[in-house]
Amino acid sequence: MGRKTKTLAKTERQTKLKKVSSAEPSHQIIQFGKIWPYAPAPESTKIVNIQPRYELFINGKFVPPRSGQYFDVINPANEQKLCEVAEAGEADVDAAVRAARQAYEKIWRKMPGKERAKYIFRIARILQERSREFAVLETINNGKPIRETRDFDVPMSAAHFFYYAGWADKLNYLIPGREVAPLGVAGQVIPWNFPLLMAAWKIAPALAAGNTVVLKPAETTPLTALLLAEVIQQAELPPGVVNIVTGAGATGALLVSHPDVDKVAFTGSTAVGKKILRAIAGTGKKATMELGGKAANIVFEDAPLDQAVEGIVNGIYFNQGHVCCAGSRLLVQESVAEIVLRKLMRRMETLIVGDPLDKNTDIGAINSRMQLKKIQELTQVGLQEGAQIYQKRCELPSKGFWYPPTFFTNVAQSSRIVREEIFGPVLTIQTFRTPEEAIEKANNIAYGLSAGVWTEKGSKILKMASQLQAGVVWANTYNKFDPSSPFGGYKESGFGREGGRQGLLDYVKIL
Ligand code: NAD
């Protein structure tokens with residue numbers, strides 16, 4: 001912990017907490033002051049074959065970039081270079097869009113839905129067959145624990161392809177009594193926090209609806225998208241239906257503003273989302289924006305508190321807080337604030353931070369040096385604003401990018417750390433007395449992506465859900481996803497929906 005860091009143990013509230021835990025020594029891990037270590041259980045990396053260099057995937061083939069440029073991709077858990085990846089310039093993006101246009105006009109838009117479905121099913125099945133390879137590669141490139149990539153990212157990606165494959169021949173039932181048609185070429189730009197899953201969220205509905213695609217993955221995490229390109233070849237998808245161009249923001253900007261792109265689908269930060277909207281204003285392109293979030297996770301005094309604490313931990317600490325819908329603001333009813341905090345601190349002590357490839361690991365590496373710097377800067381802002389910090393005691397690996405699970409108390413609604421997206425394992429904690437106060441605090445923010453409500457009263461859940469300005473409200477759970485349920489935001493969290501029937505509506509025009 002840094003010199004300026006003040007642990008809660010120094011505050012009056014924490015002194016009370018300490019007394020309670022020594023009078024109530026139910027939790028051995030805290031009482032003995034150490035965690036019983038698990039034997040390491042590293043996942044083998046043999047299944048993954050990382051090539052020294054990756055090209056662009058255009059018109060069904062891997063081709064060198066006309067730009068002649070490549071950039072390095074590293075493993076954020078140890079800073080080792082993994083490979084170099086092509087950086088698409090203007091001519092490359094143009095070639096990808098032209099391939100997508102040709103495939104759209106000549107093949108994909110004319111193909112009956114039941115035929116398109118066969119290809120999408122095939123992609124889903126190959127993803128399942130190669131799931132271990134995808135999970136290991138995602139963990140190496142992103143830094144997130146293997147348990148998450150294995151149990152969530154990859155199966156959920158396959159589930160999206162399965163789900164939308166089922167829709168491809170049923171588009172005439174999308175809007176009762178109306179026929180729909182595809183939009184054309186979709187230019188899709190995605191972030192680094194769920195590289196494969198975001199690609200699946202984008203590609204699966206676009207293809208099901210009869211569009212063709214040019215996808216740009218994030219510059220730090222392009223490897224599973226490029227492996228997906230191999231799967232697309234394996235599935236014998238007609239050339240040009242899906243194209244993948246790698247590069248940084250400049251490549252993304254070229255793609256979204258290309259005159260022959262009909263639909264822009266973006267997931268990323270609100271700042272970049274605004275830039276893109278300015279760039280395409282007046283062009284007639286359709287757009288969906290999945291942007292940042294700062295979700296309130298609201299715990300009432302009648303909630304099942306142990307489950308709520310699991311939900312808090314799941315909401316902010318798993319996946320290193322790199323989740324747009326992370327429950328990064330805990331609002332806890334004053335009467336149970338002490339006990340929830342105490343339980344949370346105990347639970348934090350049991351979290352295992354370290355090697356993302358170890359199957360025991362709960363919290364892996366931060367995805368990049370830049371993201372780590374952002375988390376550190378905002379944490380400093382919190383301290384300067386007078387908030388009190390608590391961080392999990394743990395040794396962090398000396399190489400790579402790491403940040404311990406952290407929370408702040410003594411924050412105000414106006415604090416920057418309460419209002420700005422930190423996108424790391426950092427929670428702010430505020431209290432409330434009445435449901436009205438909780439709603440006021442939850443909504444008094446620029447974002448509106450998600451929220452959580454913990455209470456045993458169904459009526460309270462319904463009341464809160466109807467008043468919270470959030471695209472998703474989870475009740476007595478957190479971070480649960482299903483391909484059939486739509487996801488998306490209000491306010492500065494964006495517009496449009498991904499997932500479910502609604503996710504398809506953003507890829508069609510009504511005739
Ligand atoms: P980012 O906005 O920096 O980058 C996202 C993508 O946009 C990257 O591929 C990047 O190369 C590209 N890009 C950058 N500048 C561009 C430009 N001018 N034109 C076109 N493309 C450009 O975001 P990030 O740091 O990669 O991701 C984190 C952000 O994503 C967080 O704010 C998070 O909340 C958000 N996110 C939202 C959702 C959602 O569903 N709402 C899901 C995941 C992540």
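Tutor: Happy to; here are some questions and answers about this predicted model.

Student: What area is buried between domain 1 and domain 2?
Tutor: Start with the contacts: 31 residues of domain 1 touch 26 residues of domain 2. Carbon and sulfur atoms give 54% of the buried area. The area itself is about 2,200 Å².

Student: Which two residues meet in a salt bridge with an N to O distance of 2.7 Å?
Tutor: Between domain 1 and domain 2 there are 2 salt bridges. A salt bridge needs a side-chain nitrogen of Lys or Arg within 4 Å of a carboxyl oxygen of Asp or Glu. At 2.7 Å, the pair you asked about is Asp362 and Arg147.

Student: How many charged residues are on the side of domain 1 that touches domain 2?
Tutor: On that side, α13 (369–384) and β17 (447–448) each supply at least two residues. The residues there include 13 nonpolar and 13 polar ones. The charged residues number 5.

Student: Where in the protein is confidence lowest?
Tutor: The mean pLDDT of the protein is 93, and strand β9 (residues 242–244) has the highest confidence, at 99. Over residues 1–32, however, pLDDT stays under 50. Where pLDDT is low, the predicted coordinates should not be read in detail. Confidence is lowest, at a mean of 33, in helix α1 (residues 12–23).

Terms used: Residues are numbered from 1 along each chain as its sequence is written. This is a predicted model: local features need pLDDT of at least 70, side-chain atom pairs count only at pLDDT 80 or more; totals for chains, interfaces and linings use all residues. Side-chain values use heavy atoms; hydrogens and water are left out. Contact means heavy atoms within 4.5 Å. Buried area is the accessible area (1.4 Å probe) that two parts lose on being put together, summed over both. Helices (H or I, at least four residues) and strands (E, at least two) are DSSP runs, numbered from the N terminus. Ala, Val, Leu, Ile, Met, Phe, Trp, Tyr, Cys and Pro count as nonpolar, Asp, Glu, Lys and Arg as charged, and the others, Gly among them, as polar. pLDDT is the predictor's confidence in each residue, from 0 to 100.
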